[in-house]
Amino acid sequence: MKVSIIGQGYVGLTISAHASRVHEVIGFDLNKKVVSDLNQGISHIEGVLSSDLKEAIENGTYRATLDPSEIATSDIVVIAVPTPLDDVRKPDLTYIDSACKVIADNVTGPILIINESTSFPGTIRNYIKPAIEKYSKVKFDHLYAISPERVDPGRKDFNQKNTPRLYAGLTTEATAKTREFYSTFCDNLIEVSSPEVAEAAKLFENTFRQVNIALVNELAQISHALGIDVRETLEAAATKPYGFMKFSPSAGVGGHCIPVDPSYLADVAEKVGIEATFIKRANEVNLDMPKYIARRIEKDNSGSLKGKKILVVGVAYKPNVADTRETPAELLIDALNDLGAVITWSDPVVGNWHGSDSSPLAGADIAVVVTKHDVVASEDILKSAPYVFDTTGKVKGAVQL
Ligand SMILES: NC(=O)c1ccc[n+]([C@@H]2O[C@H](COP(=O)([O-])OP(=O)(O)OC[C@H]3O[C@@H](n4cnc5c(N)ncnc54)[C@H](O)[C@@H]3O)[C@@H](O)[C@H]2O)c1
């Protein structure tokens, strides 16, 4: 089959890499550098090997393009574009809308359209299908389906092949064709009764994480006030063999999913007259963690951070990836700046962030570890400043969250 994948980021490129082992894949993206690099076999995504990309290019089964007309004769188009929040933290479907326009303007016959971008229940039925129909000059009877992506970039044990995949079409035929497509490169397919169930399940998976992370972050604050070690408490609770799942405290949540997706659920809930109180409170707690950490550090340092040189260690949102989207390091830097500190950051995996390069691990009055990559040694972090505050629980000998 000819499969076009709109968006060649974390999700789109990952699917492209797997699908191109079986199908002819066109990876359409608007980013010139991404497309140019991909066509030279250079992957910008953890988990997609440049060598695999090169092999697919050589076999003629993968090509990236900036030209939307190349999707024309596709059998299947997969949408994998960002679904962020806008300035007031409401769902922003601008990218989905532009992908719908690309499809409407370029496909030349009836095809299967699958959305892998994360969005609220009803997106494929009430938003994507009507948008494509509205933009299409020639009307085709397309099939529509949803299969939310669960990829966890940087993860080694679960990948596109062995991660169970939910799917559902708007019609029985769409469901069957979606199954046929994914079964060529995924081992475990789970059909659900409607696209809305698949869309809601994806949002709930990430909401579950967001709420539990907030809960454990609140416990970290309670424990500190009580003089109890929160991580020891969690280890102790985790010895219960049933009914408990351990989450770890941190500087907050980051990435394109956990801080964002729950607000999609909260928004759709509000539209049907239900207030998603847990999601709102979890957002507040997680977004407040950087301020809490800054206040703790201030208290430990004679009550003032004015003019203190603070090194933020690890600005990626999680270990061993270069992704800085929604990183809590950003809010922590703001909070420390507000208290008068002079901030630098160090992250060899990220390298360059907001136009500046990673600083060496040295010469600070205070170091704060937000993310601990495997390539950064704890001993080097401990040597970088006389006072080191660790939000990760991985730097033994530092002051712990
Ligand atoms: N990153 C993850 O770990 C992850 C996991 C599961 C689901 N998701 C979801 O998948 C979707 C995509 O996320 P991502 O992390 O891959 O984003 P990303 O930012 O890594 O990649 C998106 C790509 O889409 C391109 N793009 C935007 N609009 C386009 C258009 N109209 N036409 C063509 N290309 C366009 C961008 O240039 C970018 O390269 C989101 O809905 C996200 O919530 C992400």
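Modeller: Helices, which need at least four residues, and strands, which need at least two, are DSSP runs numbered from the N terminus. The model is a predicted one.

Biologist: Is Val192 buried or exposed?

Modeller: A residue counts as buried under 20% relative accessible area. Leaving aside neighbours within four places in sequence, Val192 is in contact with Leu166, Tyr167, Ala168, Val197 and Ala198. Its relative accessible area is 19%, so Val192 is buried.

Biologist: How far apart in space are Val192 and Thr175, C-alpha to C-alpha?

Modeller: In sequence, Val192 and Thr175 are separated by 17 residues. In space, their C-alpha atoms are apart by 9.4 Å.

Biologist: What is the reach of α7 from its first C-alpha to its last?

Modeller: Helix α7 has 32 residues, and at 1.5 Å a residue the expected value is 46 Å. The value in the model is close to this, at 47 Å.

Biologist: Which residue just after α7 takes a positive phi?

Modeller: The phi angle in question is about 75°. It belongs, just after α7, to Gly227.

Biologist: Is Ser223 of α7 buried or exposed?

Modeller: Ser223 is found in helix α7. Not counting residues up to four places away in sequence, Ser223 touches Ile228 and Val230. Because its relative accessible area is 4%, Ser223 is buried.

Biologist: Is the crossing of α7 and α10 left-handed or right-handed?

Modeller: The contact includes Thr207, Gln210 and Val211 of α7 and Phe278, Ile279 and Arg281 of α10. By class, the contact of α7 with α10 has ten nonpolar, seven polar and three charged residues. The crossing of α7 and α10 is left-handed.

Biologist: Are α5 and α7 parallel or perpendicular?

Modeller: Helix α5, residues 123-135, packs with α7 at an angle of about 105°, their axes being 9 Å apart. The range for perpendicular runs from 65 to 115 degrees. Therefore α5 and α7 are roughly perpendicular.

Biologist: How many charged residues has the contact of α5 with α7?

Modeller: Thr123, Ile124 and Arg125 of α5 meet Pro195, Glu196 and Glu199 of α7. By class there are two nonpolar residues and one polar residue, and the number of charged residues is three.

Biologist: How many nonpolar residues are there in the contact of α4 with α5?

Modeller: Helix α4, residues 94-106, and α5 pack at an angle of about 45°, with axes 8 Å apart. Ile96, Asp97, Cys100, Lys101, Ile103, Ala104 and Asp105 in α4 meet Tyr127, Ile128, Ala131, Ile132 and Tyr135 in α5. The contact has no polar and three charged residues, and its nonpolar residues number nine.

Biologist: What covers the buried residues of α4?

Modeller: The buried residues of α4 are Ile96, Asp97, Ala99, Cys100, Val102, Ile103, Ala104 and Asn106. What covers them includes β1, β2, β4, β5 and α5.

How values were computed: Residues numbered from 1 in each chain as written. Predicted model: local features only at pLDDT ≥ 70, side-chain atom pairs only at ≥ 80, totals over all residues. Heavy atoms only, no water. Left-handed = near helix turned anticlockwise from the far one by under 90°. Contact = heavy atoms within 4.5 Å. Nonpolar A, V, L, I, M, F, W, Y, C, P; charged D, E, K, R; others polar. Buried < 20%, exposed > 50% of the residue type's maximum accessible area, 1.4 Å probe, protein only. Expected span 1.5 Å × (residues − 1). Axes fitted to C-alpha atoms, helices over the stretch in contact; angles between N-to-C directions. Parallel < 35°, antiparallel > 145°, perpendicular 65-115°, else oblique.
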